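Dear colleague,

I am passing on the structure below, together with a short account of what was found in it. Please read the notes with the coordinates open beside you.

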Amino acid sequence: MTSEPDRCPHSDRCEVNTLIEVPGCDPVDGVVRWDPIHSLWNGGMLAASMVFAPQLFSLSALLVFVTLTGGTLLLGHSVGFHRRLIHRSFECPLWLERSLVWAGTCVGMSGPFWMIRTHDLRDWAQRQPDCHDYLAHRKPMLIDGWWQLHCRLVLTRPPAFDLGDVGRDRFYRFLEATWMAQQLPIALILFAGGGWSWVVWGVCVRVSASVTGHWFVGHLAHRKGPQSWLVNEAGVQAHDVPWAAIPTMGEAWHNNHHAYPGSARIGLYPGQSDWGYVFIVFLRRLGLAWGIALPQHLARDHALTRVARPDHHEPGL
């Protein structure tokens, strides 16, 4: 199933479009510093989950957790943030994009601008011959977990960023300023429906599981696992994490994503579950998505070296 992507002269779906390589910028030299905002937020959600969740467990609360976690990760993080806002791998109406990005903000990692900058800095750095250990997930798991969930990297000579129209969008600026407060209306609805049990499991446990899970799968995806491709001249290579394909909505096929970063489809081979792409196809059938980029639309042959072939099918066909 294919669709011809819209041709946009101002954007390459496989490039890091928000990052500007200013003279002398360097992805290696930098210092990891404590990030009080994200540290207190992530630590607070984890602490509340560990203290209150066992006492307030119920089957209905568990159902709320599973439903909201799956829904926000699918609609918001995978489709809204990653495949639409960051990589522009498909087109859709602005109202739908904003709705998906709101759902991504509700995942609880941060606001849309922080997500774009964090993703694009790492994406750019990993394509260089070398980068800081923070950006490569090179440190042991406990150190990397502390760094990623509680700290930030301050590069000595950082690149610049230009978020373009996204950065000027008033709604996105509002989400960036209020990303933590977006949990409040969700908490009020949950409290009305099921009391504190639903609030703890539907907000605290959900946010903590999403944030921690995002780091954990990302750590593994840059350490070990199956590979089909190597990105030529990149200092950091990616791996697939097959067991995480369903909970990450297809994002765990990370080796495929490094190979074809502009593709709306990340699970490229038979048996590679990719609910994010399934949802985009559903939107297309409703007339709400078009210009869907797939591997065959992206000129990547020069950038890749095949190291394994999972089956006889070509990717994305």
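C106 counts as buried, because its relative accessibility is 1% (buried means under 20% relative accessible area, exposed over 50%, and partly exposed in between, with a 1.4 Å probe and protein chains only). The sulfur of C106 lies 14 Å from the closest cysteine sulfur, that of C204, which is too far for a bond; with a disulfide taken as a pair of cysteine sulfur atoms within 2.5 Å, the count comes to zero. C92, at 8% relative accessibility, likewise counts as buried.

Please keep in mind that this is a predicted model, in which local features need pLDDT of at least 70 and side-chain atom pairs count only at pLDDT 80 or more, while totals for chains, interfaces and linings use all residues. Residues are numbered from 1 along each chain as its sequence is written, and side-chain values use heavy atoms, with hydrogens and water left out.

Helix α3 covers residues 94–106 (helices are DSSP runs of H or I with at least four residues, numbered from the N terminus). Its 13 residues should span 18 Å at 1.5 Å a residue, and the end C-alpha atoms are 18 Å apart, which agrees; the expected span is 1.5 Å times one less than the number of residues. Among the buried residues of α3 are L96, L100, V101 and C106, and what covers the buried residues includes α2 (59–86), α4 (112–126) and α9 (183–221). After α3 comes G108, with a positive phi near 100°.

Finally, F52 is found in helix α1 (residues 36–52) and, at 42% relative accessibility, counts as partly exposed.

Best regards

Conventions:
Helices (H or I, at least four residues) and strands (E, at least two) are DSSP runs, numbered from the N terminus. Contact means heavy atoms within 4.5 Å.
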